[in-house]
Amino acid sequence: MKTVLITGAYRGLGFEVARQLSARGWEVILAARRKEQGAAAAARLQNASFLELDITSDDSVARAAKSVSELDVLINNAGIILDGDDDILKVRPELVARTIETNALGALRVSQAFLPQLFRSSAGRIVNVSSGMGQLSDIATLSPAYSISKTTLNAITCVLGAALKDRGIAVNSVCPGWCRTEMGGPTAPRSAEEGAAGIVWLAADAPQDKTGLFWRDKQVLPW
Ligand SMILES: NC(=O)c1ccc[n+]([C@@H]2O[C@H](COP(=O)([O-])OP(=O)(O)OC[C@H]3O[C@@H](n4cnc5c(N)ncnc54)[C@H](OP(=O)(O)O)[C@@H]3O)[C@@H](O)[C@H]2O)c1
């Protein structure tokens, strides 16, 4: 039985990934910064426990890492979108910085903190939940802060993947597609279940030697 930690997992894609892995018998650590909602979400699943974790806080991340002894897979799922229809000509740099702080540096901070546990796993994995909106080769112009943050997250995947390749830890980015969650809204074409499937595949079924790549629906995407 493997152990997975999912950030921002009390709702949306994170909760759906937790549900699917728990149904496979995995030990699920459902991490969230909201205590009540996190504990209630974990109580709905088998083999699941709640961990308080704000990915933007060094203290919170350090406390959380101390309380986990074993981990096979880390899924950096927590994310925010703060800009709506702003364009790059007007977006406030401060808002870009706040978005990068959560979507990219949060994932890096959590990955660094949980590396000791991942090193002890026989097949450690880090899955960064990114977005096609961060694709440099087909960059989105809407929500520039969000796009730039996901491009930054993808760069972290590349650098971390290269650094950890010889240590046997796979690091990948994945785009779930546009999904019906609080972030994606009610008119998105995919259900959370469909979006979560590609994340679950990378966490559980993708070959361990696939690393430093960007995926959607089990296919490699160009950066
Ligand atoms: N839905 C889509 O169409 C779509 C498409 C492409 C990529 N994605 C990516 O998929 C991931 C999940 O998105 P979603 O659609 O499930 O969105 P969501 O329903 O808004 O969920 C986002 C989760 O992240 C958490 N979070 C935000 N900041 C946090 C922090 N500092 N510490 C801990 N948790 C934090 C939120 O909790 P709080 O309530 O505490 O803020 C929430 O649980 C995100 O990375 C998103 O960028 C989504």
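Strands β1 and β4 run parallel and are joined by 3 bridges. This is a predicted model. Leucine 5 has leucine 74 of β4 as its bridge partner.

On to the next neighbour. Strand β4 covers residues 73-76 and strand β5 residues 125-129. These two strands also run parallel, joined by 4 bridges. Leucine 74 faces isoleucine 126 of β5. Asparagine 76 has asparagine 128 of β5 as its bridge partner.

| Residue | Partner residue and strand |
|---|---|
| leucine 5 | leucine 74 in β4 |
| asparagine 76 | asparagine 128 in β5 |

Which way do the residues of β4 point? Val73 and Ile75 point one way, and Leu74 and Asn76 the other way. All are buried. Side chains in a regular strand alternate between the two faces of the sheet.

**The whole sheet.** The sheet is open and has 8 strands. Their order is β3-β2-β1-β4-β5-β6-β7-β8, and the pairing is mixed. The edge strands are β3 (48-52) and β8 (219-220). Each has a single partner strand, so one side of each has no neighbour in the sheet.

**Helices on the sheet.** Helix α4 spans residues 93-120. This helix lies across β1 (3-6), β3, β4 and β5, and runs at about 175° to β4. Helix α5, residues 144-164, packs on the sheet too. Its contacts are with β5, β6 (170-174) and β7 (213-216). The direction of α5 makes about 160° with that of β6.

**Helix against helix.** How far apart are the axes of α4 and α5, and at what angle do the helices pack? The axes are 8 Å apart, and the angle is about 25°. An angle under 35 degrees counts as roughly parallel, so α4 is roughly parallel to α5. Their crossing is right-handed.

Both helices supply a run of contact residues. From α4 these include Leu95, Val96, Thr99, Ile100, Asn103 and Phe119. From α5 they include Ala145, Tyr146, Ile148, Lys150, Leu153 and Leu164. By class, the contact of α4 with α5 has 15 nonpolar, 5 polar and 1 charged residues.

In short, β4 pairs in parallel with β1 and with β5. Helix α4 lies across β4 and packs with α5 at about 25°.

Key
Residues are numbered from 1 along each chain as its sequence is written. This is a predicted model: local features need pLDDT of at least 70, side-chain atom pairs count only at pLDDT 80 or more; totals for chains, interfaces and linings use all residues. Side-chain values use heavy atoms; hydrogens and water are left out. Two strands pair if DSSP finds at least two bridges between them. Contact means heavy atoms within 4.5 Å. Axes are lines fitted to C-alpha atoms, for helices over the stretch in contact, and angles run from 0 to 180 degrees between N-to-C directions. Angles under 35 degrees count as roughly parallel, over 145 as roughly antiparallel, 65 to 115 as roughly perpendicular and the rest as oblique. A crossing is left-handed if the near helix is turned anticlockwise from the far one by less than a right angle, and right-handed if clockwise. Ala, Val, Leu, Ile, Met, Phe, Trp, Tyr, Cys and Pro count as nonpolar, Asp, Glu, Lys and Arg as charged, and the others, Gly among them, as polar. Buried means under 20% relative accessible area, exposed over 50%, partly exposed in between (1.4 Å probe, protein chains only).
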